[in-house]
Amino acid sequence: MALNAAQKLIQDHLLDGDLTPGAEIALRVDQALVQDATGTMVMLELEALDLDRVRTEVAVQYVDHNLLQEDERNPDDHAFLRSAAQRFGLWFSGPGNGVSHPTHQQRFGRPGATLAGSDSHTCAAGAIGMLAVGVGGLDVAMALAGEPLYLRMPKVWGVELTGELPDWVSAKDVVLEMLRRHGVKGGVNRIIEYHGPGLAGLTAMDRHVIANMGAELGATATVFPSDDEVRRFLAGEDREDDWRELRPDEGASYDLTEQIDLSSLEPLIAKPSSPGNVVPVREVAGESVSQVVVGSSANPGLRDFAVVAEIMRGRYADRGVSVDINPTSREILQDLTKGGWLFDLISAGARVHQSGCLGCIGMGQAPATGRNSLRTMPRNFPGRSGSREDSVWLCSPETAAAAALNGVITDPRDLSKEKGIDYPRPKLPEHASVNTAMLVEPLPEAEAREVELVKGPNISTLPDFDGLPDHVEAQVGLVVGDDISTDEILPAGAKVLPYRSNIPKISDFVYEAVDPEYVERVTALRDDGGHIIVGGENYGQGSSREHAVIAPRYLGLRVVIAKSFARIHWQNLANFGILALEFDDAGDYDDIQLGDTLVLDGLHEALKGGDTVETGNSRSEASYKLRHQLSPRQVDMVLAGGRIPFLRQKLVE
């Protein structure tokens, strides 16, 4: 049977199940990636599991999100993460070394391997022929402990690329075109595999841009072949020995198919406040701009910064625009300096920041009230920037540079006739400035056992959660609409994320921007049956942060009923013992009001006996038919109160 590249990767790592879409599969995990916004919880989970040493071939703890050090909390957590990396046998990438995804591709990514990461953009590593899946922190902790990664087998969506990108159009426009066509739910329960002759014009870092924002499409993973371009990239990183070829077999088929003629694309932009709100740049040209931010894992390559530098060379940014440059790794910062591009950016008025996520996660660089911010980032959910009232647009580096020069959104193709700027094609070095100074190797096992975890006063233990009762009678504590993101459930940013290791404190911010009274309301219900949340389509899209599950669970959340769920959040709900149910009839959503009491009786038998659950509404006396998509393994987990109590229970038995 001819296999596509995604099927080959899965087949090579399959421990249980088969390639039937929708069935649960178990995969062997080769590599693991953890970042600091999720890593403190992962390390506390490893401690709770009493793990001696990680069991993946490579595991790396990155510090790239919480870099602002306004007080002791972030540096305390950095010290904790370094001690935990030493104790459990992970590499440690210190603050300022680089964003996890491009740094991992540069230093550790290996074609043909699997990667589980506690960050939704882990899928970026598919750029070099990996099966890379973003999951919740607990799933990564289990992978580090040697457990399989459990997924529902996705459909493989083959996207054939033909033609060549025209001038002023780049890789970001390719993935924005996918979002324009399919929106933020288009990739749910799918692996997107790019193939075809158009790949010849896309570098490994161009592919990273496209693979990274597979997360915005809701995809389980994105896969590119490992071809001569991947080999060239690894050779430039002094790692050619890690290359292996991975291509689809001749005659391989796909569950779904799509074609993009690259030559037909034009500059695109995602309007506020969704990555799926994509239009041609020319349609919104003339909108005023006060900030441009270049960087993030969605445009991380040297070329993405160099092209901005060459567009702005010898010119000065509009006086009303703040141009912020966030290099994505120290290696790229060095090469920007060697190539003279950093000089060009500084001369043009740009502000150069440290290597890290920064504005992408709301850690500084918040835009002014009522002003447009153009960013080469992956997300523009409401409030994600750090400002509750924000106006963030997502675009390519070319479009960002054009806006920086003109002070308004500008189709970059107009720069040729307006300013006489030829489309730049930066000449990049064959060999990168490999920099491992801030990478700390794992300690030998005997030495690692002697390391004590360094816990500052802000680090608390993981709460214990009880099992799901057979009878749930609880009030509806919140009703929300479609496409609620994890940033809306639990905000990111400099005010909230420093409490990532303190669940009681971070719980104070749950749904802060959506309903400021939520926390007080549901806290009063916590000891009286807890509460239920009712949501619309695609509930929980966005980040893999399991805090968006743990914190509501700490506040007494027992059940979420929605029209549909985003993959990672759905999986995180099960991991922490919250029952995720979907309306059999989506129209029933309209019948439920805030404060209604819903009754679910005989849950244990219903969950074990099939996929249907009935609930009644005490106010309207209506009953609703609900469905779940949990596997038998996940049902047992939810009944036990989550994956950690479930494993403890198994050990006792």
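Reader: Leaving aside its neighbours within four places in sequence, which residues is alanine 606 in contact with?

Author: Contact is a matter of distance: heavy atoms have to lie within 4.5 Å. In this predicted model, alanine 606 is in contact with Thr612 and Val613 once the neighbours within four places are set aside. Alanine 606 itself belongs to helix 21, residues 603-609.

Reader: Is alanine 606 buried, exposed or partly exposed?

Author: Under 20% relative accessible area a residue is called buried, over 50% exposed, and in between partly exposed. Alanine 606 has 22%, so it is partly exposed.

Reader: What is the C-alpha separation of arginine 73 and glycine 456?

Author: Here the chain separation is 383 residues, and the C-alpha atoms are 7.7 Å apart. Arginine 73 lies in helix 3, which covers residues 73-88. Beyond its neighbours within four places in sequence, it is in contact with Asn458, Pro498 and Tyr499.

Reader: Is arginine 73 buried or exposed, and which side chain does a polar contact join to it?

Author: Its relative accessible area is 12%, so arginine 73 is buried. A polar contact of 2.8 Å joins its side chain to that of aspartate 71.

Reader: How many helices and strands does the protein have, and what share of its residues is buried?

Author: The protein has 23 helices and 27 strands. Of its 653 residues, 64% are buried. Residues 24 or more positions apart account for 77% of the contacts with a separation of 6 or more.

Reader: How many residues of helix 5 are buried?

Author: For a helix, go through its residues one by one. In helix 5, residues 137-144, eight of the eight are buried, so the helix is largely enclosed by the rest of the structure. Among them are Leu138, Asp139, Val140 and Met142. Glycine 146 follows helix 5 and has a positive phi near 95°.

Reader: How many residues of helix 22 are buried?

Author: Seven of the nine, so helix 22, residues 632-640, is mostly covered. The buried residues include Arg633, Gln634 and Met637. Just after helix 22 comes glycine 641, with a positive phi of about 105°.

Reader: Where are leucine 358 and glutamate 621 found, and is each one buried or exposed?

Author: Leucine 358 is in the loop between strand 17 (351-352) and strand 18 (372-375). At 5% relative accessibility, leucine 358 is buried. Glutamate 621 is in the loop between strand 26 (612-617) and strand 27 (623-627). With 73% relative accessible area, glutamate 621 is exposed.

Reader: What kind of peptide bond joins proline 272 and serine 273?

Author: Look at omega. Between proline 272 and serine 273 it is about 0°, and the bond is cis. Serine 273 sits in the loop between strand 13 (268-270) and strand 14 (278-280).

Reader: Where is serine 385 found, and which residues does it touch?

Author: Serine 385 is in the loop between strand 18 and strand 19 (391-394). At 3% relative accessibility, serine 385 counts as buried. Not counting residues up to four places away in sequence, it touches several residues, including Gly359, Gly362, Arg375 and Asp390. A polar atom of its side chain lies 3.3 Å from the backbone nitrogen of serine 387.

Conventions: Residues numbered from 1 in each chain as written. Predicted model: local features only at pLDDT ≥ 70, side-chain atom pairs only at ≥ 80, totals over all residues. Heavy atoms only, no water. Helix = DSSP H or I, 4+ residues; strand = E, 2+ residues; numbered from the N terminus. Buried < 20%, exposed > 50% of the residue type's maximum accessible area, 1.4 Å probe, protein only. Polar contact = N/O pair within 3.5 Å; in protein donor to acceptor, adjacent residues only side chain to side chain.
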